[in-house]
Amino acid sequence: MGPLLQRFDDPQIERAFLRAEREERGQAIRALSVIAAATLLFYIVINPMHFPREGVIAYSRAASALIFLLGGFWLLSRTSYYLDKPWIDLPIFIAVAAGMQWLALVLAGLAAFTGFPPHVMAMVQMGILMVFASVGFAGTFRLFLIWAFAVLALFAAWLTTRAGLSDISRVYTLTNFSTFFVFALYFNWDIERRARKVFAANMALEAERAKTEALLYNVLPQEVAARLRAGESVADSFADLTAVFVDLAGFSTLAKKLSPGHLVKLLNIFFSAADRCAERHGLEKVKTIGDAYLAVLGGTSSRAASGDGSDGKAAILFARDLIAELVAMEKESGIVIKARIGVHSGPAVGGVIGTTRLAYDYWGDTMNVASRLQAVAPLNGIAVSEATYFQTMAIQDFEAQKVVLKGIGETAAYAARLDTREGD
């Protein structure tokens, strides 16, 4: 934006500003239009008490024309056309200026009854017009500048044609009118300047709000964030949740071999791959815990993506893709990277607890079983519970086994190696 002829560099932003400013200014414009029309009607009513018949008729005609223009302006300011076509201000106020000039000339001819010299009456009428226009040109200072200079030039030309008017009277009248002119220009410019600053500040605020919301929705599901904003406590029950627990095998050994920077880079590649696979198959990422990755299906913002609504099948497809990504990472980096994956389906509860570093988490035996199952899964393979097995047996071959899970006891588990290469 330049300091005088203000404008946003982006045409789309400029259009948005003009529409917003004209909508905001419309209320003031309509109020002034009503006040002006009411004033003219008042004079039409009282003029017969003071003016001769010819003067009453002349004034009524000029005032009626202005009232008609003001009424049209009032109606137009309520339309989308007015909001989207700022150039319309110029023809509107050319017409209003013509009507005001007509009224000023009528009143100049009635100087003997009003007690005001013609040039003074004309100055007052055109000064009122200038003030009204300083509000009426909404977001269009450039057009107002053109219009105001034209009115000033016409008024100056009219003064020079007035016979019997002294030079000092012409100078004082033009100087006084120029004061209206300068004040009106500054008022219109300053209103627009302030409006543009507020609009730019609101845009920046909106951009920051969008960033904040994006960060919030990256941590919390959108529905959960809305509930927290509303002051609700967030606690949910899920009858059939599928939990997927992924853990890198031999991470402690890797941590000893690699530099901290290299280790973090490797973890970032692994977790990014898991995020991609989760998004592809409709899993909801819950959190990472050290070198482990937890995701669920059937939670607040997850869905099955396998085509038949089976969360278990989507979990298997996720596991296959992730193991394939790990195999590719191993080939590219030359570092042995393997994982174990555990999956269990069952009831769970979810919610947000605490007041800082908020996150939506899940709890219950379903989560514990999935975590324990990953510990007995083969390298680059998967171990699922009986509940998940019956959902997925049609798309994956498993080896049944009895395992003892810590804190749970002897449990039926079904394991499958997903990396088809020879050896571990």
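Which residue in the turn of the E2 and E3 hairpin has a positive phi? Glycine 290 does, at about 65°, and 2 residues lie between the two strands. This is a predicted model, in which local features need pLDDT of at least 70, side-chain atom pairs count only at pLDDT 80 or more, and totals for chains, interfaces and linings use all residues. Residues are numbered from 1 along each chain as its sequence is written, and side-chain values use heavy atoms, with hydrogens and water left out. Helices (H or I, at least four residues) and strands (E, at least two) are DSSP runs, numbered from the N terminus.

**Strands**

- Strands pair if DSSP finds at least two bridges between them.
- E2 (residues 284–289) and E3 (residues 292–297) run antiparallel and are joined by 5 bridges; lysine 285 stands opposite alanine 295 in E3.
- E1 (residues 235–249) is joined to E3 by 6 bridges in an antiparallel arrangement, with phenylalanine 245 partnered by leucine 294.
- E1 also runs antiparallel to E4 (residues 338–352), through 13 bridges; alanine 249 has lysine 338 as its bridge partner there.
- Of the 15 residues of E1, 11 are buried (under 20% relative accessible area, with exposed over 50% and partly exposed in between; 1.4 Å probe, protein chains only).

**Nonpolar cores**

- A nonpolar core is a set of buried Ala, Val, Leu, Ile, Met, Phe, Trp, Tyr and Cys residues joined through side-chain atoms within 4.5 Å.
- The largest core has 52 residues, and Phe93, Leu103, Met130, Phe144 and Trp147 have the most contacts inside it.
- H7 (141–160) is among the helices that each supply at least two residues of this core; its share, 10 residues, is the largest.
- A second, separate core holds 42 residues, including Leu248 and Ala278.
- Phenylalanine 144 touches, among others, Met130, Phe137 and Leu185, not counting residues up to four places away in sequence (contact means heavy atoms within 4.5 Å).

**Helix packing**

- H1 (residues 11–46) and H6 (residues 118–136) pack at about 155°, with axes 9 Å apart; axes are lines fitted to C-alpha atoms over the stretch in contact, and angles run from 0 to 180 degrees between N-to-C directions.
- The two helices are therefore roughly antiparallel (over 145 degrees; under 35 is roughly parallel, 65 to 115 roughly perpendicular, the rest oblique).
- Residues making the contact include Arg25 and Leu32 of H1 and Phe132 of H6.

- Most residues other than glycine have a negative phi.
- Asparagine 380 has a positive phi of about 50° although it is not a glycine.
- Asparagine 380 lies in the loop between H13 (365–376) and E6 (381–385) and counts as buried, at 0% relative accessibility.
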